[in-house]
Amino acid sequence: QTLKKQIGFSDFLLVLFYYLMNYTSFLSRYIRAKASSEMALCIIYMAISLKVERNLESAIRFTATNLTGPLGNDLKGILTKLQTREIYSAEEGIDLLANKWKVESEEFVDALMLLKSSTLSLNPDKDIKDAINLILSGTRERMKKYSLEMKTPIRLLNSFGMLLPTIVLIFFPVLTIFLPEIAR
């Protein structure tokens with residue numbers, strides 16, 4: 001009885017240790033995946049706001065109210081830093097956001113910089129359209145790459161799921177004919 005309790009407790013400690021050791025990597029992957037799905041929305045919301053009003057701070061505010069994940073939190077943090085005078089312009093906030101996410105998505109950073117420059121541009125509608133096209137094409141390429149990486153393991157599983165039962169059905173009668181003592 002005590003041995004069973006010790007085994008159960010040690011199993012619990014092993015699972016708890018595994019969970020604690022890998023929690024940060026799981027959390028990091030979760031946040032990056034959630035932010036990746038928000039990046040295109042962030043650029044689109046900012047573009048919509050900049051089309052209506054050529055003010056980068058109002059674009060950040062509009063985007064922050066419509067996004068609820070990690071990027072929304074980052075944009076809310078930029079607004080807070082603007083209000084507390086930790087940063088003095090929305091352009092500085094966009095630069096901070098770009099520096100934070102440049103490792104994750106280069107096309108997101110490029111689209112942010114296009115939107116930032118569109119407030120000072122002579123042809124802002126072209127810059128906004130280019131930013132949207134850039135983030136959408138980058139997202140499309142990333143998804144294409146991801147689907148190609150997924151095809152090989154799925155194909156392998158499908159082929160083993162089809163081939164293994166077929167091979168067993170073919171070789172079992174052959175083995176019983178040539179090696180009847182195995183069949184007995």
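**View A. Overall fold of the predicted chain.** The secondary structure consists of seven helices and zero strands. In sequence order the pattern is α-α-α-α-α-α-α. Of the 184 residues in the chain, 26% are buried. Among contacts with a separation of 6 or more, 54% are between residues 24 or more positions apart.

**View B. The loop at Arg-85.** Arg-85 sits in the loop between helix 3 (70-83) and helix 4. Its phi is positive, about 65°, although Arg-85 is not a glycine.

**View C. Packing of helix 2 on helix 4.** Two packed helices are described by the angle between their axes and the distance between the axes. For helix 2 (residues 56-66) and helix 4 (residues 90-101), the angle is about 50° and the axes are 8 Å apart. The two helices are therefore oblique to each other, and helix 2 passes helix 4 in a left-handed crossing. Helix 2 contributes Leu-56, Glu-57 and Ile-60 to the contact, and helix 4 contributes Ala-90, Glu-91 and Ile-94. By class, the residues of this contact are four nonpolar, no polar and two charged.

**View D. Helix 5 and its buried residues.** Helix 5 (residues 106-118) has 13 residues, which at 1.5 Å a residue should span 18 Å; the end C-alpha atoms are 18 Å apart, in agreement. The buried residues of helix 5 are Glu-107, Phe-108, Val-109, Ala-111, Leu-112, Leu-115, Lys-116 and Ser-118. An α-helix has 3.6 residues a turn, so residues three or four places apart point the same way.

**View E. Surroundings of Ile-43.** Ile-43 is part of helix 1 (residues 2-52). The relative accessibility of Ile-43 is 0%, so this residue counts as buried. Apart from neighbours within four places in sequence, Ile-43 is in contact with Phe-108, Ala-111, Leu-112, Leu-115, Ala-131, Ile-132 and Ile-135. Phe-108, Ala-111, Leu-112 and Leu-115 are also among the buried residues of helix 5. Between Ile-43 and Ile-128 the C-alpha to C-alpha distance is 9.1 Å, with 85 residues separating the two in sequence.

Technical notes. Residues are numbered from 1 along each chain as its sequence is written. This is a predicted model: local features need pLDDT of at least 70, side-chain atom pairs count only at pLDDT 80 or more; totals for chains, interfaces and linings use all residues. Side-chain values use heavy atoms; hydrogens and water are left out. Axes are lines fitted to C-alpha atoms, for helices over the stretch in contact, and angles run from 0 to 180 degrees between N-to-C directions. Helices (H or I, at least four residues) and strands (E, at least two) are DSSP runs, numbered from the N terminus. Angles under 35 degrees count as roughly parallel, over 145 as roughly antiparallel, 65 to 115 as roughly perpendicular and the rest as oblique. A crossing is left-handed if the near helix is turned anticlockwise from the far one by less than a right angle, and right-handed if clockwise. Contact means heavy atoms within 4.5 Å. Ala, Val, Leu, Ile, Met, Phe, Trp, Tyr, Cys and Pro count as nonpolar, Asp, Glu, Lys and Arg as charged, and the others, Gly among them, as polar. The expected span of a helix is 1.5 Å times one less than its number of residues. Buried means under 20% relative accessible area, exposed over 50%, partly exposed in between (1.4 Å probe, protein chains only).
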